[in-house]
Amino acid sequence: MGVVKTGLLGLGISVVLSLFLFVTSLWIGGPFMPPVCSLTGGIVSCPEIKVAGKYLPAFEEVVQNYKNIFHRGAEHKSQLSVWEGEENVIDLSTAYIPVTDEKKPQYDANSVQPIFTASKIIECVTFAMAVDKGLLKYEDLVIKYWPELEGNNKKRSGFIQQLKISDVLKDQAGLSKIFGYNHIPLSLFTSNNTEQLASLLQSSKLYHPGKATKSRAFHFWTRGIILNQILRRADPEGRSILQFFEQEIREPWNAQLASESGGSYTTLNIYYPHEYSVFRAFGHQSITPHPGWTFLNILVPYLLDTNGISSELKEVIKLSNEIVSDPNKTVFSEVIDGNEKSTFRLINQLSFSSSAELNLTADVFYDDPSVLFLASAKSLAELMHFFISAKTINGFQLVSKQTLNRALEGAEKKYDYGLFIKTNVTDGGFAVNLLSGGRNVDGNWFGFWAYGGSVLQFNIERQMSVAYTCTGIGFDVIDKRGVGLLEALDQVPTFASEE
């Protein structure tokens, strides 16, 4: 009996000690640092950190902050690109690469990755261009273009009759959720199902948390769906935001800027997923994430999710394990619910070497500009730089100075019942100083961040644009990686690169 008790005691101590070491390594090293590396203070079994690119000496502290994200195990692969004035002052790509990992293609400044809700800034820029072309105005009532949204309910009708386009951009449309449906098939979010999706929005009960009728609740994916319906009806060609972006921004950019500007601007590596695309996770996992974080990355969204999307996250675990052993594994595969192709199962550390890795020839594509863009930081920073300059080169212009100023007007600070923080959002949909906290900020930072951690911001006073794209997906409302980078940039004197 004594032997049994001793054995059980030893087993218990072993379990407690294992859990202690497990939690300690998780706490010390971050999700992407191997546990042994964490526990030995970065001495044993640690991956090599490869940094490629350029930066100006005045931004040394910013670059060091960026590198520290990797040193503490908070990132796997990422890019940082910053423009100030007319110069690309930082352009870096970094990855954890074990010495034995020679077969996997290179992750560099041209690689693209999902940027999730940072996509909303591309959405805002594209919509601003539509405003600049006179297709609509921010102050227009939504029912001017989409009268069916009013519905038959008297209470709903009274609210929708007063709803402006700027209210939609400020997440105040009352449609942050679609009620009345247990599961919305992901195939419904494709470009050949636009009218079905419009019908769901027209029949859904409105959601007004708090006491105010026009309260704010983060429209994670529905903002893009609503704006799509508005633009399709305002545009004589009936284009969605993604189609408008492709035809009015990406194609002319590459033809008139990238090929004619003498190297000042590069090819715009910003895309969106097409149905039946074969996305290959070429650099999916150079190292295996900490098992504790892998568990949390599955569990947390599963518990918080609505409308049944989380049921498909079960496939993530299976795909994760498969891709670790086969980096060329096709990421889009038949899934649990209705044999649909799902962009929501893009998993941690997913990136693509270039547009060559994407099949962009399909006519059908996933049509939600709020969350689905894939991009490189270099292209995002260039796009923001050109946007806030409001200049014309070779006949190409994104917006006029007047439209730019209008898009940044009407900032309204309110509590967001979806994010559980106060947000200050302009009529054009740009959040103001969202990542600033209480620190001293030189001018206003406009832009957005992604639920996964990517950041896309610009500062008019400093003529600065910042893009940080990451592949280590986090779940904080305000991700410390992006905040730290902006804090470091705030410490650099304006136009220090000219001194």
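Me: What share of the contacts in the protein chain with a separation of 6 or more is accounted for by residues 24 or more positions apart?
Reply: The model is a predicted one, and its protein chain comprises 14 helices and 12 strands. Among contacts with a separation of 6 or more, the share that falls to residues 24 or more positions apart is 71%.

Me: What percentage of the 499 residues of the protein chain count as buried?
Reply: The accessible surface of the chain comes to about 20500 Å², and carbon and sulfur atoms hold 55% of that surface. A residue counts as buried when its relative accessible area is under 20%. By that criterion, the buried part of the 499 residues is 56%.

Me: Is S454 buried or exposed?
Reply: S454 is located in the loop that runs between β10 (445-449) and β11 (455-459). Its contacts beyond four places in sequence include P114, I115, A118 and W449. The relative accessible area of S454 is 3%, and the limit for burial is under 20%. S454 is therefore buried.

Me: Which residue has its backbone nitrogen 3.2 Å from a polar atom of the side chain of S454?
Reply: Beyond four places in sequence, Y468, T469 and C470 are among the residues in contact with S454. Strand β12 covers residues 464-470. The backbone nitrogen that lies 3.2 Å from a polar side-chain atom of S454 is that of C470.

Me: How many residues of β11 are buried?
Reply: V455, Q457 and N459 point one way from the strand, while L456 and F458 point the other way, and all are buried. In a regular strand, side chains alternate between the two faces of the sheet. Strand β11 is largely enclosed by the rest of the structure, because its buried residues number 5 of the 5.

Me: Which residue of β12 is the bridge partner of Q457?
Reply: Strand β11 is joined to β10 by 5 bridges in an antiparallel arrangement, and there Q457 is the bridge partner of G447. Strand β11 also pairs with β12 in the antiparallel sense over 5 bridges. In β12, the partner of Q457 is V466.

Me: Which residue in the turn of the hairpin formed by β11 and β12 has a positive phi?
Reply: The two strands of this hairpin pair over 5 bridges, with 4 residues between them. A positive phi of about 50° is found in the turn at Q463.

Me: Which strands stand at the edges of the open sheet of 3 strands?
Reply: The strand order in this open sheet is β4-β6-β5, with antiparallel pairing. Each edge strand has a single partner strand, so one side of each lacks a neighbour in the sheet. The edge strands are β4 (113-114) and β5 (270-271).

Me: Which residue of β6 is the bridge partner of Q113?
Reply: Strands β4 and β6 (residues 374-375) pair in the antiparallel sense over 2 bridges. Within β6, the bridge partner of Q113 is A375.

Me: Is F420 buried or exposed?
Reply: F420 lies in the loop between β7 (412-416) and β8 (421-425). With Y415 and Y417, F420 forms a nonpolar surface patch having about 320 Å² of accessible area together. The relative accessibility of F420 is 58%, and the threshold for exposure is over 50%. F420 therefore counts as exposed.

Me: How far apart in space are Q202 and W146, C-alpha to C-alpha?
Reply: Q202 lies in helix α7 (residues 194-203). Beyond four places in sequence, its contacts include W146, E148, R156 and R233. Although Q202 and W146 are 56 residues apart in sequence, their C-alpha separation is 9.8 Å.

How values were computed
Residues are numbered from 1 along each chain as its sequence is written. This is a predicted model: local features need pLDDT of at least 70, side-chain atom pairs count only at pLDDT 80 or more; totals for chains, interfaces and linings use all residues. Side-chain values use heavy atoms; hydrogens and water are left out. Buried means under 20% relative accessible area, exposed over 50%, partly exposed in between (1.4 Å probe, protein chains only). A polar contact is a pair of N or O atoms within 3.5 Å; within protein, one must be able to donate a hydrogen and the other to accept it, and residues adjacent in sequence count only if both atoms are side-chain atoms. Contact means heavy atoms within 4.5 Å. Patches are made of residues with over 30% relative accessible area and no salt bridge: like charges are joined within 9 Å, nonpolar side chains (Val, Leu, Ile, Met, Phe, Trp, Tyr) within 5 Å. Accessible areas come from the Shrake-Rupley method with a 1.4 Å probe; for residues, only the protein chains shown count as cover. A salt bridge is a side-chain nitrogen of Lys or Arg within 4 Å of a carboxyl oxygen of Asp or Glu. Two strands pair if DSSP finds at least two bridges between them.
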